[in-house]
Amino acid sequence: MFTEELRAIDLLSRVSYGRVATSMRAMPFVAPARHVVAGGSVLLCMHAGLGYHRACGGGVVAYGADNFSSDEMDQWSVEFTGTAEIIEPTAPELEMFGTGPHRVDGEPFDPVYMRLTPQFVTVHTLDYSLERRSEHVA
């Protein structure tokens, strides 16, 4: 892996959720997903009841995550673009995911898993120095 990819993987491992984006019937959509990193791939878990996995499986997707809701001084976002395939995760991979939500949009959570093999990786950083933050303090 290249330095940028390693940095993106490290950052991604600091948060648990992100957003997967692709198109369905020629219309773009973004959906929440849980992720873990295993062997250079990003594994995603989504609610099967939404049906989004059918548009993702076998297609090109973008997966992004960030720490924008944190109070960290250095904000970042990562994006992985590549092909997603629907998988049955191994027992160790399932263990990495931990427990999922009980319900999604009022329905019992029904997990479906995908493996995203990144072909493009992007890291963006936002540097809020102490000086700039203090300008906005009342």
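Me: What makes E1 and E2 a pair of strands?

Reply: The model is a predicted one. Within it, E1 and E2 are joined in the antiparallel sense by 8 bridges.

Me: Which strands form the closed barrel, and in what order?

Reply: The barrel has 6 strands, in the order E1-E2-E3-E8-E5-E4, and their pairing is antiparallel. On average, neighbouring strands of this sheet are turned by 40° against each other, with direction ignored.

Me: Why is Leu 43 called buried?

Reply: Leu 43 belongs to strand E3. Its relative accessible area is 1%, and buried means under 20%, so the label applies to Leu 43. The C-alpha atom of Leu 43 is separated by 9.6 Å from that of Glu 85, a residue 42 positions away along the chain. In the protein as a whole, 38% of the 138 residues count as buried.

Me: How do you know that Arg 19 and Asp 66 form a salt bridge?

Reply: The closest N and O atoms of Asp 66 and Arg 19 are 2.6 Å apart. The criterion asks for a side-chain nitrogen of Lys or Arg within 4 Å of a carboxyl oxygen of Asp or Glu, so a contact of this kind qualifies. Since Asp 66 lies in strand E4 (residues 60-66) and Arg 19 in strand E1 (residues 17-24), the pair ties together parts 47 residues apart in sequence. Arg 19 is partly exposed, with a relative accessibility of 37%, a value that falls between the limits of 20% and 50%.

Me: What other salt bridges are found, and what is the total for the whole structure?

Reply: The search of the whole structure gives 3 salt bridges. One of them joins Arg 14 to Asp 10, with the closest N and O atoms 2.8 Å apart. Asp 10 has 35% relative accessibility and therefore counts as partly exposed. Another joins Arg 115 to Glu 93, where the corresponding distance is 3.5 Å. Arg 115 is in strand E8 and Glu 93 in helix H3, so this pair ties together parts 22 residues apart in sequence.

Me: Is Glu 93 buried or exposed, and on what grounds?

Reply: Glu 93 is at 11% relative accessibility. The limit for buried is under 20%, so Glu 93 counts as buried.

Me: Which residues and elements line the largest pocket, and how much space does the pocket hold?

Reply: The largest pocket contains about 260 Å³ of space. Its lining comprises 18 residues, and those nearest the centre are Tyr 17, Arg 34, Cys 45, Pro 101 and Phe 109. Two or more lining residues come from each of strand E2 (27-38), strand E3 (41-47), helix H3 (91-97) and strand E8 (111-127).

Me: What makes up the lining of that pocket in terms of nonpolar, polar and charged residues?

Reply: The lining divides into 13 nonpolar, 4 polar and 1 charged. Tyr, Cys, Pro and Phe count as nonpolar and Arg as charged, so Arg 34, which is among the residues nearest the centre, is the 1 charged member of the lining.

Conventions: Residues are numbered from 1 along each chain as its sequence is written. This is a predicted model: local features need pLDDT of at least 70, side-chain atom pairs count only at pLDDT 80 or more; totals for chains, interfaces and linings use all residues. Side-chain values use heavy atoms; hydrogens and water are left out. On a 1 Å grid over the protein atoms alone, a cavity is a set of points where a 1.4 Å probe fits but cannot get out, and a pocket is an open set with protein on both sides within 12 Å along at least five of seven lines; lining residues have an atom within 4 Å of a point. Grid points are joined across faces, edges and corners, and a volume is the space filled by probe spheres set on the points. Helices (H or I, at least four residues) and strands (E, at least two) are DSSP runs, numbered from the N terminus. Buried means under 20% relative accessible area, exposed over 50%, partly exposed in between (1.4 Å probe, protein chains only). Two strands pair if DSSP finds at least two bridges between them. Axes are lines fitted to C-alpha atoms, for helices over the stretch in contact, and angles run from 0 to 180 degrees between N-to-C directions.
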